Amino acid sequence: MKNLLILCDAFPPAFAPRMGGLCKYIQEYGWNVYVISEKQKNVGNISDVNPLRLELLNYYTKDNKFHWLCKFILDFLFHSKDREVINIFKQKYSDVKFDAILCSTYMLFPMYAASKISEMKNIPLVYDMRDVMEQFTGYEYALHRLFKNEKLNNLVHKIRNKKIRRERNYLLRKHNVVSTVSPWHVKLMKSLDVENVQLIYNGYDPQVFKPQVIKTDKFIIQYTGRILDSKLYDAGLLCEALQKLDNEGKILQENFSVNWNIDEKSAVIIRKLFSEFGVEKFLKIDNFVPQSEVPALLNESSIVLVLTNKMDEKGPKGIMTTKFFEALAVKKPILCVRSDEAYLEALINKTKCGIAARRVEEVEDFIMKQYKVWEKEHYITIDSDEALVKQFSRKFQASQFNDLLNSIIK
């Protein structure tokens, strides 16, 4: 057996399906997995992931804002969070001979720690870039507002972004082996002079996301997740289509619902949007559900909603949400609004799983086509190329990571 050290910014029971799925399936390829991550809010369980050993860093230990800010500044200036990861490695894993390190992140932490441990122990290293700052339209990914004044807040994030990107790019070039999640991300990595870049999409757990026949008394358009900003996730075409269909009497409140399992910040955005179009009567908002309950929600749906926006200089770039692949796995028709007019649209067309809509008429036609099927069956499924869909499973991705890790060991 080979030993793999995973350093990542989040790991189950936090929402971290990419590294959770990898840990679960790469053991089938002869890897013992050891993990160091940061403690995050729990949304699921770890029973089916089961790394050999797991250490969680509790860096922000107090709710006090002043304490949080001090820790934030220390980390920004001196990589204090990464240094604590290095200390955990020395204390807990000094007796293990590792064959490879995989560092998965969406920003910078824990890349510095991974680099130092790689050099200290002469262990080959792969960086897994799940997300990057360049894909966003602004500072949506920065969940904490440091100051009430928006201009001051944005100035701080601008300075922070510049530093993070400089250090990230240096580490990427230094170790020169990267996996990432979309063709756009691959192009970005190569533009940063990273030579060894492998595309490994996000995906679904094949043991969890399976199609089930669940008949419903309502036609349900379902969305689960977070909406950081309407510039990233534009549901305007959907609301416009609902408004037209409602005015024409083609959909009824009694048997038609758009269900959202989202956090309160996202709910504020959606309530405002539905109110502007006068279609609040079709709106149903609930809180997040544990990850274990998401498959049932998707299987109960008539259409799964995927939100994005047109990919251009001012729009989001390369975003292929995990929710898309999970909907693909349960064989539900997917409505993507607004189309990115790029890689996600191409993948939707290739898999024939739904539509990436550019015009309101496309949304109307798609909803009505599925609505007529539901009226007859009270259940909707799609035919899909199972061999193609399996390429997006966490099990297949584990084989891709296995090949990549073996290549750097050799």
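This is a predicted model: local features need pLDDT of at least 70, side-chain atom pairs count only at pLDDT 80 or more; totals for chains, interfaces and linings use all residues.
1. **Second largest pocket.** This pocket holds about 400 Å³ of space. Its lining counts 23 residues, and Asn45, Asp48, Asp205, Val208 and Gln291 are the closest to its centre.

2. **Who lines it.** Helix 1 (residues 17-26) gives the largest share of the lining of the second largest pocket, with four residues. By class, that lining splits into 11 nonpolar, seven polar and five charged residues.

3. **Largest nonpolar core.** This core has 41 residues. Leu238, Phe256, Trp260, Leu335 and Ile367 touch the most other members. At least two residues each come from strand 8 (219-224), helix 7 (236-247), strand 9 (256-261), helix 8 (264-276), strand 11 (303-307), strand 12 (334-337) and helix 12 (360-377). Helix 12 supplies the largest share, seven residues.

4. **Phe256 up close.** Leaving out residues up to four places away in sequence, Phe256 touches Lys218, Phe219, Ile221, Leu242, Ile251, Phe282, Ile367 and Tyr371.

5. **Second core.** A separate core of 40 residues also exists. Among its members are Tyr93, Ile123, Met129 and Val194. As background, nonpolar side chains tend to be buried together in soluble globular proteins.

6. **Glu375.** This residue sits in helix 12. Is Glu375 buried or partly exposed? Glu375 counts as partly exposed because its relative accessibility is 44%.

Definitions and conventions. Residues are numbered from 1 along each chain as its sequence is written. Side-chain values use heavy atoms; hydrogens and water are left out. On a 1 Å grid over the protein atoms alone, a cavity is a set of points where a 1.4 Å probe fits but cannot get out, and a pocket is an open set with protein on both sides within 12 Å along at least five of seven lines; lining residues have an atom within 4 Å of a point. Grid points are joined across faces, edges and corners, and a volume is the space filled by probe spheres set on the points. Ala, Val, Leu, Ile, Met, Phe, Trp, Tyr, Cys and Pro count as nonpolar, Asp, Glu, Lys and Arg as charged, and the others, Gly among them, as polar. A nonpolar core is a set of buried Ala, Val, Leu, Ile, Met, Phe, Trp, Tyr and Cys residues joined through side-chain atoms within 4.5 Å. Buried means under 20% relative accessible area, exposed over 50%, partly exposed in between (1.4 Å probe, protein chains only). Contact means heavy atoms within 4.5 Å.
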